[in-house]
Each structure stands twice: as C-alpha cells, then as structure tokens.
Amino acid sequence: MRIETDPLVCENCGEVRHDDIETITDVPQLDPETYAVGPGTTDVYVCAGCKNVLGVK
Ligand SMILES: [Zn+2]
C-alpha cells in the first residue's frame, strides 16, 4: 500500500484528503497471527477527523 498516492476512504468520513491524514510513529508492531507485540515499531496512518486507522506503513 502506497499511502502517498492511493486514494483513501475513511469508513466514517468518506474520502480522505492526504492533508487530513495524521501519522502516528513508533507504534509497536503486532504479529498478525498471535497479536503478540513484536520487536519493531511502525507508522500508522489515521483519519485526522475521527482517528480511524486508515493504514499501516
Ligand atoms: Zn474519519
């Protein structure tokens, strides 16, 4: 997923302009199967309006 170029849609707000995206850095990465917190961190993109998570780097 390329957050810089792909159109994003928030399920609460509809289409989200890239100006309306907030980036939260250094979020602990989760293992998708066990949900254990991994050793690394990642960046998460959230809607600035309602804080809905739109994507993960
Ligand atoms: Zn939203």
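**View 1. Glu-11 is an exposed residue****.** Glu-11 counts as exposed because 9 other C-beta atoms lie within 10 Å of its own, and the cut-off for exposed is 12 or fewer. The model shown here and in the other views is predicted. Glu-11 sits in the loop that links strand S1 (8-10) to strand S2 (14-16). Thr-25 is 14 residues away from Glu-11 along the chain, and the C-alpha atoms of the two are separated by 22 Å.

View 2. Of the 57 residues, 5% are buried. Among contacts with a separation of 6 or more, 40% are between residues 24 or more positions apart.

**View 3. Asp-19 lies in the loop between S2 and strand S3 (21-30)****.** Is Asp-19 buried or exposed? Asp-19 is exposed, because 6 other C-beta atoms are found within 10 Å. Val-44 is 25 residues from Asp-19 in sequence, and the distance between their C-alpha atoms is 15 Å.

**View 4. Three strands make an open sheet****.** The strands are arranged in the order S3-S4-S5, with antiparallel pairing. S3 and S5 are the edge strands, as each pairs on one side only. From one strand to the next, the twist averages 30°. Strands of a sheet pair through backbone hydrogen bonds, in either a parallel or an antiparallel way.

**View 5. S3 and S4 are paired antiparallel****.** Seven bridges connect these two strands.

**View 6. S4 and S5 form a hairpin****.** Strand S4 covers residues 37-47 and strand S5 covers residues 53-56; the two run antiparallel and are joined by three bridges. Which residue of S5 is the bridge partner of Tyr-45? The partner is Gly-55. Five residues lie between the strands of this hairpin, where Lys-51 takes a positive phi near 70°.

Key. Residues are numbered from 1 along each chain as its sequence is written. This is a predicted model: local features need pLDDT of at least 70, side-chain atom pairs count only at pLDDT 80 or more; totals for chains, interfaces and linings use all residues. Helices (H or I, at least four residues) and strands (E, at least two) are DSSP runs, numbered from the N terminus. A residue is buried if 20 or more other C-beta atoms lie within 10 Å of its own, exposed if 12 or fewer, and partly exposed in between; C-beta atoms are placed from the backbone. Two residues are in contact if their C-beta atoms, placed from the backbone, lie within 7 Å. Two strands pair if DSSP finds at least two bridges between them. Axes are lines fitted to C-alpha atoms, for helices over the stretch in contact, and angles run from 0 to 180 degrees between N-to-C directions.
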